[in-house]
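Biologist: I have this model open and would like to go through it with you. Please start wherever you like, and I will ask as we go.

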Amino acid sequence: MTIDHAELTTDQVLKRDIPWETYMTTKLITGTALQLLRRYDKRPESQRASLLDDDGPSYVRVFVSILRDIFKEETVEYVLSLIDEMLTANPKRARLFHDNSLANEDIYEPFVRLLWKGNWFIQEKSCKILAVIVSARPKKQYAGATNGEASDSKSKFTTIDDVLKGLVDWLCAQLRNPSHPSRGIPTAVNCFATLLKEPLVRSSFVQADGVKLLIPFINPVSNQSTPIASSQSNQQSMQLLYETCLCIWLLSYYEPAVEYLATSRCLSRLTEVVKSSTKEKVVRVIIMTFKNLLPKGTFGAQMVDLGMPQIVQNLKAQAWGDEDLVEALSQLDEGLKDNVKKMSSFDKYKQEVLLGHLDWSPVHKDTFFWRENISNFEEKDFEILRVLLTILDTSNDPRSLSVACFDLSQFIQHHPSGRIIVKDLKAKERVMKLMNHENAEVTKNALLCIQRLFLGAKYASFLQA
């Protein structure tokens, strides 16, 4: 019976018998390699561990050379499984790949090539191994260096830049169009959670438009008790959520990524998760992310608008075992209180409009607010007015449409050139369409806006809603 490569397990692969002697006869491996393999292959864990302690780099050289020179799928899968097994048992063994004795070996090349060439089993193992050995490289291997010391080597070595960019390309491709229906995305997110510590990975990831690929995975996971099968899938969903949030936290240290996060629905999704999650590690990583983002741009105002001050109070009232989380909650609480104090009424109003979800907060009908702030509406070429018009074009929410019409009518009334500006922005056609809206509140405020547009400020006092 043939096993689908996508469903192969490491244990199944390691039960195979590989004809090492035949490979030596055909000169695909050396006599030394054969001796090493005979000592290592199919031996108990303790014996393999002792061999790796004594002569680890020699085994790495043999494994890498097989992956470079032998293309038979069964053998490639077998050697990748041996490497994966060795690194899973002790992740510190990844340092063996960077031993000085391997300076003339292009240790990365086979794994980078197999990412794109192999079946899913080969791709997944290559990705996992690469992520581990790249993360274990010595500090001197900064971006731009080769994987060994052999910069004068005649053959072109695979540089760290090549490896990291190759990994980012493959991982982003998995997020867009996974090679495996259930494991492609978790594998990619899991690797990014390790690799986004790397500055080059962060920049390549943002350039590849990767941030938006992560945001759909920020969803609350149901905590209800379920049968075992779905309980396992619940656990997998929780792990995917945690690792996605971990990626966002790592990106919150990188300015270009922060700029993207500011304009996406990331913050509102994280808020939904933290509001409903009981998993301490998920709550911790989201609170740490919020703490990082709080002082940057409009994040503080957005958090206030999303109700984070109250959510933080609720979280503080819970008994958390993690001291870092307790401390981060206190710091976030203080920071949010400062933000609330600093926000002017116009800042709050602007934040509400920019988020696109309007409600009848007191400011909309406050005459003093409109008189005092009317000149602020001229900022950035009437940005707020343009966003109000976009809401009229795109929103399906009757409340947002009603408030947007009302605010336009307030602007017409209070700005000396209000009618001309609103007409120039082609508002009339958009508002006219809403006069036939099925919702009475929308039609009432659309009518008010049209009346102000045609009658002018002189008659405004008769039209107060």
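**Residues, overall form and helix packing**

Modeller: With 46% relative accessibility, Asp324 counts as partly exposed, where buried means under 20% relative accessible area, exposed means over 50% and partly exposed is in between, using a 1.4 Å probe and protein chains only. This is a predicted model, in which local features need pLDDT of at least 70 and side-chain atom pairs count only at pLDDT 80 or more, while totals for chains, interfaces and linings use all residues. Residues are numbered from 1 along each chain as its sequence is written, and side-chain values use heavy atoms, with hydrogens and water left out.

Biologist: What about the whole chain, then: how many helices and strands does it have?

Modeller: The protein chain has 25 helices and 0 strands. Along the principal axes, the C-alpha atoms fill a box of roughly 100 × 50 × 45 Å, and 51% of the 465 residues are buried.

Biologist: Switching to Phe63: buried or exposed, and what is it in contact with?

Modeller: Phe63, which sits in helix H4 (residues 45-69), is buried, because its relative accessibility is 0%. Setting aside neighbours within four places in sequence, Phe63 is in contact (heavy atoms within 4.5 Å) with Leu37, Tyr40, Val79, Leu82, Ile83 and Met86.

Biologist: And how do H21 and H24 pack?

Modeller: Helix H21 (residues 379-394) and helix H24 (residues 427-434) pack at about 40 degrees with axes 10 Å apart, the axes being lines fitted to C-alpha atoms over the stretch in contact and the angles running from 0 to 180 degrees between N-to-C directions. That angle makes H21 oblique to H24, given that angles under 35 degrees count as roughly parallel, over 145 as roughly antiparallel, 65 to 115 as roughly perpendicular and the rest as oblique.

Biologist: Which residues of H21 meet H24?

Modeller: Leu389, Leu392 and Asp393 of H21 meet Ala427, Arg430, Val431 and Leu434 of H24. By class this contact has 5 nonpolar, no polar and 2 charged residues, where Ala, Val, Leu, Ile, Met, Phe, Trp, Tyr, Cys and Pro count as nonpolar, Asp, Glu, Lys and Arg as charged, and the others, Gly among them, as polar.

Biologist: At what angle do H14 and H17 pack?

Modeller: Helix H14 (residues 266-276) and helix H17 (residues 308-316) pack at about 25 degrees, with axes 10 Å apart, and are therefore roughly parallel to each other. Thr271, Val274 and Lys275 of H14 make the contact with Met308, Ile311 and Leu315 of H17.

Biologist: Last one: what is the phi of Lys426, and where is its place?

Modeller: Lys426 has a positive phi of about 60 degrees although it is not a glycine, and its place is in the loop between helix H23 (418-424) and H24. With a relative accessible area of 52%, Lys426 is exposed.

Key. Helix = DSSP H or I, 4+ residues; strand = E, 2+ residues; numbered from the N terminus.
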